[in-house]
Amino acid sequence: MIDQIYSYREMCDIENVQTLQRGMNFRMNPRYSVILMSRRSNAPYVDKILEDSITIEYEGHDEPKTSREIDPKTLDQPAKTKNGTLTQNGKFVEAIEGFKKNSNAEPVRVYEKILPGVWSLKGVFDLVDYRIKHDGKRNVYVFLLKLSDKQDIETNTHIDLAHTRLISSEIKKEVWKRDGGKCVICGSTKNLHFDHDLPFSKGGTSLTAKNIRLLCAKCNIAKSDKIE
Ligand SMILES: [Zn+2]
């Protein structure tokens, strides 16, 4: 898997969206779908990377919370909404049924939450199968994704990201921890980027954590105004 680290803002920029809130995003892009997974202990769903390290088991999503009395975690995960349209679960199932009748597998870009605000792009996976599992209380969907042969899906990767991509995942994790997941100038935790202290054009390098820091979008703009 790729395991390239991005801040939340960078992830949204790559996918060309303002926010990415839902875990399952069928055909968010005309050519592929996006899922957000988490194996953190407080994650709302059970997502796994299997031992072969190329297979992901991804839990389907619950009924939206509509009343205070009913906990969605007690209800079967739905394939359809009350209006009869397909839920994200339903759309994923439909794509898999199509795949089994020999159309192409739906390509899915998978991001995993590593820390709050820090995401790892695992790569492009083929949506190949699903099953319905009884978790002791109710039925949940388990989707099966396999690392795809085709990793080169065209995305809306912003040019600015060419820089941030050169920073290794190890250094990004180190910088994130050192700066406490906050903008080093104003302390904001929103719209963070990995910023080179010295831009590439002025001889900056991304080789060490020393010249990389966390900046929010606002402070980043203020900074580039000064340089130009
Ligand atoms: Zn800031």
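How many bridges join strand β1 to strand β7, and in which direction do the two run? Before I answer, a word on the model, which is a predicted one, so that local features need pLDDT of at least 70 and side-chain atom pairs count only at pLDDT 80 or more, while totals for chains, interfaces and linings use all residues. Residues are numbered from 1 along each chain as its sequence is written, and side-chain values use heavy atoms, with hydrogens and water left out.

To the strands, then: β1, residues 4-7, is joined by 4 bridges to β7, residues 118-134, and the two run antiparallel. Strands here are DSSP runs of E with at least two residues, helices are runs of H or I with at least four, and both are numbered from the N terminus; two strands pair if DSSP finds at least two bridges between them. Within this pairing, Y6 stands opposite W119 of β7. Both faces of β1 are covered, with Q4 and Y6 buried on one side and I5 and S7 buried on the other, where buried means under 20% relative accessible area, exposed over 50%, and partly exposed in between, using a 1.4 Å probe and protein chains only.

Let me move to helix α4, residues 169-178, whose buried residues are S169, I171, K172, V175 and W176. They cover an arc of only 160° around the axis, and therefore sit on the same side of α4; that arc is taken from the directions from the helix axis to the C-beta atoms. The face turned away from this buried side carries the exposed residues E170 and K177, and just after the helix G180 takes a positive phi of about 65°.

The structure also holds 6 aromatic pairs. In one of them, W176 and F194 are tilted, at 6.0 Å centre to centre with 55° between the planes. W176 lies in α4 and F194 in strand β9, residues 192-196, so this pair ties together parts 18 residues apart in sequence. Rings of Phe, Tyr and Trp (its six-membered ring) pair if their centres lie within 6.5 Å, with planes under 30 degrees apart counted as stacked, over 60 as edge-to-face and the rest as tilted.

Finally, the zinc ion: its protein donors are the SG atoms of C183, C186, C216 and C219, lying 2.3 Å from it, where donors are N, O and S atoms within 2.8 Å of the metal (3.2 Å for Na, K and Ca). C183 is buried, at 4% relative accessible area, whereas C186 is partly exposed, at 47%.
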